[in-house]
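Morning, everyone. I have one structure to walk you through today. Please look at the screen.

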Amino acid sequence: MVATHVRAAEDAVEALQAGLAAVGVTLHTLRIVPASCLGEAPVPLVDLGRCDLPTALRLGAVLAAVREGAGDDVQA
């Protein structure tokens, strides 16, 4: 069960990296928080990490464009 949760988190990180790269955004410290994978019932957390100002601005612009294009279809 632990391995399944960790693998799902790893898959999510890979998908997020690929999706961000496709719109020109790279979060260099994107990773799974290792301590969140411990215990009998782990709840892996994805650390989006830190980014510089140009990356933050690019990410904000991409999200704004998605929101404008998707209207009410954007879900959290």
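One term before we start. By a nonpolar core I mean a set of buried Ala, Val, Leu, Ile, Met, Phe, Trp, Tyr and Cys residues joined through side-chain atoms within 4.5 Å. Buried, here, means under 20% relative accessible area. And please keep in mind that this is a predicted model.

So, the core. The largest one has ten residues in all. They are Val6, Ala9, Val13, Leu20, Val25, Leu27, Leu30, Ile32, Cys37 and Val62. Helix 1, residues 2-22, gives the largest share of this core, with four residues. As a general point, nonpolar side chains in soluble globular proteins tend to be buried together.

Now step back to the overall fold. We have two helices and two strands. Along the sequence the pattern reads α-β-β-α. The radius of gyration is 15 Å, well over the 11 Å that the globule rule gives for 76 residues, so the protein is more spread out than a compact globule. Along the principal axes, the C-alpha atoms fill a box of roughly 40 × 30 × 15 Å.

How much of the protein is buried? Of the 76 residues, 18% count as buried. The accessible surface comes to about 5,600 Å². Carbon and sulfur atoms account for 61% of that surface.

On charge, there are 5 positive and 9 negative side chains. The centres of the two sets lie 7 Å apart.

What about contacts along the chain? Take those between residues at least 6 apart in sequence: 42% of them join residues at least 24 apart.

Leu27 is a core residue. Its contacts are Leu20, Leu48, Cys51 and Thr55.

Is Thr55 buried or exposed? Its relative accessible area is 16%, so Thr55 is buried. Thr55 is in contact with Val25, Thr26 and Leu27. Of these, Val25 and Leu27 are listed in the core.

Last one: Val23. Val23 is in the loop between helix 1 and strand 1, which is residues 31-32. At 30% relative accessibility, Val23 counts as partly exposed. Which residues does Val23 touch? Its contacts are Arg58 and Val62, and Val62 is a core residue. Now look from Val23 to Met1, 22 residues apart along the chain. Their C-alpha atoms are separated by 34 Å.

That's my tour. Over to you.

Technical notes
Residues are numbered from 1 along each chain as its sequence is written. This is a predicted model: local features need pLDDT of at least 70, side-chain atom pairs count only at pLDDT 80 or more; totals for chains, interfaces and linings use all residues. Side-chain values use heavy atoms; hydrogens and water are left out. The radius of gyration is taken over C-alpha atoms; the globule rule is 2.2 Å times the number of residues to the power 0.38. Buried means under 20% relative accessible area, exposed over 50%, partly exposed in between (1.4 Å probe, protein chains only). Contact means heavy atoms within 4.5 Å. Accessible areas come from the Shrake-Rupley method with a 1.4 Å probe; for residues, only the protein chains shown count as cover. Lys and Arg count as positive and Asp and Glu as negative; His and the chain ends are not counted. The place of a charge is taken as NZ of Lys, CZ of Arg, CG of Asp or CD of Glu. Lists of a residue's contacts leave out its neighbours within four places in sequence.
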